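Thanks for making time, everyone.

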Amino acid sequence: MSSTEESAVDLPLSAWLRPRVRLVVGAAVVGVVAGVVATLAFFLLVHPDDLSRASARAFSLAAIALGFGVLGWSGSIFAGRGFEEMQRHLDTGTDWTEADSRRAMARISGFGAGGMVGVIVTTTVL
């Protein structure tokens, strides 16, 4: 067990959960704004007479971000330690870690989920 995992066990649940929720929710808020902007941009510039097509296009882009994030997050868990060991063995001098990769993928997932919500809200309001 690494020192990070040992310290996570000692923390109360709320202290352990708070930074993780903040990371995902912060990215989701940005995603909501991006989803609204994307829907309006597709509606005004690409499909001015068809809101459903503009909405579908924007929703698809947000879903791709969510899918990439979830897939990358699971890939980080699956192979991250192996990549860390390989880089240490090859002495590449990079700072890539499994934990950083999981954080980045959680942000991308939150952004995609927020984007999907933004598209749904915009389409419902319009």
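**How the helices pack**

Let's start with Ser 60, which lies in helix α3. Keep in mind that this is a predicted model. Ser 60 counts as partly exposed, because its relative accessibility is 38%. Its side chain reaches back to the backbone oxygen of Ala 56, at 2.7 Å. Now look across to Gly 112: Ser 60 and Gly 112 are 52 residues apart in sequence, yet C-alpha to C-alpha they are 9.7 Å apart in space.

So how do α3 and α4 run relative to each other, roughly parallel or roughly antiparallel? Helix α3 covers residues 51-90 and helix α4 covers residues 98-125, and their axes come within 8 Å and cross at roughly 165°. That angle is over 145°, the cut-off, so α3 is roughly antiparallel to α4. The crossing, where α3 passes α4, is left-handed. If you sort the residues of that contact by class, you get 20 nonpolar, ten polar and four charged.

Ser 76 is on the α3 side. It's buried, because its relative accessible area is 4% and the cut-off for buried is under 20%. What does Ser 76 touch, leaving aside its neighbours within four places in sequence? The partners are Glu 98, Ser 101, Arg 102 and Met 105.

The other serine, Ser 109, is in α4. Ser 109 counts as buried too, with 13% relative accessibility. Not counting residues up to four places away in sequence, Ser 109 touches Leu 66, Gly 69 and Val 70.

Asp 91 isn't a glycine, but it has a positive phi of about 55°. Is Asp 91 buried or exposed? It counts as exposed, because its relative accessibility is 66% and the cut-off for exposed is over 50%.

Okay, on to the other partner of α4. Helix α2, residues 13-46, has an axis that comes within 6 Å of the α4 axis, and the two cross at roughly 40°. That makes α2 oblique to α4. The crossing of α2 and α4 is right-handed, whereas α3 passes α4 in a left-handed crossing.

Who meets whom there? On the α2 side, the residues include Ala 27, Ala 28, Gly 31, Ala 34 and Gly 35. On the α4 side, they include Ala 106, Gly 110, Gly 114, Gly 115 and Gly 118. By class, the contact of α2 with α4 has 13 nonpolar, nine polar and two charged residues.

One of the α4 residues in that contact is Arg 107. Arg 107 counts as partly exposed, because its relative accessibility is 46%. Not counting residues up to four places away in sequence, Arg 107 touches Leu 23 and Ala 27.

To wrap up, α4 is roughly antiparallel to α3, and α2 is oblique to α4. That's my tour, and I'm happy to go back to any part of it.

Methods
Residues are numbered from 1 along each chain as its sequence is written. This is a predicted model: local features need pLDDT of at least 70, side-chain atom pairs count only at pLDDT 80 or more; totals for chains, interfaces and linings use all residues. Side-chain values use heavy atoms; hydrogens and water are left out. Axes are lines fitted to C-alpha atoms, for helices over the stretch in contact, and angles run from 0 to 180 degrees between N-to-C directions. Helices (H or I, at least four residues) and strands (E, at least two) are DSSP runs, numbered from the N terminus. Angles under 35 degrees count as roughly parallel, over 145 as roughly antiparallel, 65 to 115 as roughly perpendicular and the rest as oblique. A crossing is left-handed if the near helix is turned anticlockwise from the far one by less than a right angle, and right-handed if clockwise. Ala, Val, Leu, Ile, Met, Phe, Trp, Tyr, Cys and Pro count as nonpolar, Asp, Glu, Lys and Arg as charged, and the others, Gly among them, as polar. Buried means under 20% relative accessible area, exposed over 50%, partly exposed in between (1.4 Å probe, protein chains only). Contact means heavy atoms within 4.5 Å. A polar contact is a pair of N or O atoms within 3.5 Å; within protein, one must be able to donate a hydrogen and the other to accept it, and residues adjacent in sequence count only if both atoms are side-chain atoms.
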